[in-house]
Amino acid sequence: MIKATRTGYSPRSLAAALEDVLLPLLRDVDLADGAAVARAFQWLDGNLAGRALIDNACWALRGGASGGTEVPLTWIVTRRPPAEMAAEAAEMCKRYGLRSLKLKGGQGRDTDLRVIAEVRRAVGDGIELSMDANRAYPAEGIADYVRAIADAGVSVAEDPCAMAPDSGFEKLQRECRIPLLVDFACVSRLDAELFLDRGARSLMIKPGRIGLTEALEIDARCAARGASVSLGMFYESALGTALSLQAAPRLRSRRILPAEHAFFLLLTEQVAPGEVKDGKYRLPEETDLSRLVDWKAVERLRI
């Protein structure tokens, strides 16, 4: 999904960047050669969304998708009044058999703690809870906030404040007994190396945001350092989920949380099938994902 507030692109501007800048660089490149595709873009600074889109398309064109793997999922409960978040959490766990929830924080410490308490009452003790504040809080005093949500039962704190690979991040890591999951500030293997040099224990990788190639490069670096990763969604449809989750069976490092790719359940129309059962998404048995596409639906929904 092209979400302008996250990518900086509209459908028209992304199409122009692809047609005018990115695709011409691939005119004489063998798309079956992942290294050659990467070299074609190595001097580009920017166009992350376009490069990720092309990288994932090349993965699909090469075929060889991993079919049949079952990938455990988590559901993301977005910010709303605590009672509403708790009701949604209980409904989604019941409907899809989910065993993990990511709660969106950032409504203030007291409200975040009420969210955790009400969700826990609604879903019971057997559901894992993490919290993502989307950098809502200042760095000053953030260790106390992380301790508070950890005491309330949260197992992972994602982006509680803006984080950079610096001495402040090292200090915060030492002060927090639960893992800090770095998301927004880590979009490349270089970012990953800088955070890992500062002792990062867990990094988010989003194939829909940075491409499968870059995601797996980050995973390889985490594996070499003993760090873990989390597979994050980027507003994928069912088809995008089938492609992004090709990363799951290829990961070399430990997954700190189940994958986030249940977003497609919110969409009212799809161009390919997708299902969540017993808390898991099963990768399609079909290795050529293009055969799953309802091309009439594509034509009907195209912009």
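What follows is a quick tour of ring pairs, charged pairs, helix packing and one glycine.

This is a predicted model, with local features needing pLDDT of at least 70 and side-chain atom pairs counting only at pLDDT 80 or more, while totals for chains, interfaces and linings use all residues. Residues are numbered from 1 along each chain as its sequence is written, and side-chain values use heavy atoms, with hydrogens and water left out. Helices (H or I, at least four residues) and strands (E, at least two) are DSSP runs, numbered from the N terminus.

**Aromatic rings**

- There are 5 aromatic pairs in the structure; rings of Phe, Tyr and Trp (its six-membered ring) pair if their centres lie within 6.5 Å, and planes under 30 degrees apart count as stacked, over 60 as edge-to-face and the rest as tilted.
- One of them is Y235 with F263, an edge-to-face pair at 5.6 Å centre to centre with 80° between the planes.
- Y235 sits in the loop between β8 (228–231) and α12 (238–244), and F263 in the loop between α12 and β9 (276–277), so this pair ties together parts that are 28 residues apart in sequence.
- Both Y235 and F263 are buried, where buried means under 20% relative accessible area, exposed over 50% and partly exposed in between (1.4 Å probe, protein chains only).
- F264 and Y281 are edge-to-face because their ring centres are 6.0 Å apart and their planes are at 75°.
- With F264 in the loop between α12 and β9 and Y281 in strand β10 (residues 280–282), the pair ties together parts that are 17 residues apart in sequence.
- F264 is buried, and Y281 is too.
- F234, Y235 and F263 make up one aromatic cluster.

**Arginines over a ring**

- R135 lies over the face of F184, 3.6 Å from the ring centre; the rule here is that NZ of Lys or CZ of Arg is within 6 Å of the ring centre and within 35 degrees of the ring normal.
- R209 also lies over the face of F184, at 5.5 Å from the ring centre.

**Salt bridges**

- The count comes to 25 salt bridges, each being a side-chain nitrogen of Lys or Arg within 4 Å of a carboxyl oxygen of Asp or Glu.
- K206 pairs with D183, and their closest N and O atoms are 3.0 Å apart.
- That pair links distant parts of the chain, 23 residues apart: K206 is in the loop between β7 (202–205) and α10 (207–210), and D183 in the loop between β6 (180–182) and α9 (189–197).
- K206 is buried at 7% relative accessible area, and D183 is buried at 4%.
- R221 and E217 form a salt bridge with closest N and O atoms 2.7 Å apart.
- R221 and E217 are 4 residues apart in helix α11 (residues 212–225), so about one helical turn separates them.
- E217 has a relative accessibility of 27%, so it counts as partly exposed.
- E285 forms a salt bridge with R282, the closest N and O atoms being 3.1 Å apart.
- E285 is exposed, with 53% relative accessible area, whereas R282 is partly exposed at 45%.
- A network of salt bridges links K102, K104, D132, E158 and E260.

**Helix packing**

- Helix α4 (residues 48–62) and α11 have axes that come within 7 Å and cross at roughly 95°; axes are lines fitted to C-alpha atoms, for helices over the stretch in contact, and angles run from 0 to 180 degrees between N-to-C directions.
- α4 and α11 are therefore roughly perpendicular to each other, on a scale where angles under 35 degrees count as roughly parallel, over 145 as roughly antiparallel, 65 to 115 as roughly perpendicular and the rest as oblique.
- D55, N56 and W59 in α4 meet L212, T213 and L216 in α11, with contact meaning heavy atoms within 4.5 Å.
- Helix α2 (residues 11–22) packs on α4 at an angle of about 75°, with the axes 10 Å apart, and α2 and α4 are therefore roughly perpendicular as well.
- L14, L18 and L22 of α2 make the contact with G50, R51, L53 and I54 of α4.

**A glycine in a loop**

- G126 lies in the loop between α6 (109–123) and β4 (128–132) and is partly exposed, at 47% relative accessible area.
- C-alpha to C-alpha, G126 and S100 are 8.7 Å apart in space, and they are 26 residues apart in sequence.
- Leaving aside neighbours within four places in sequence, G126 is in contact with R99 and R120.
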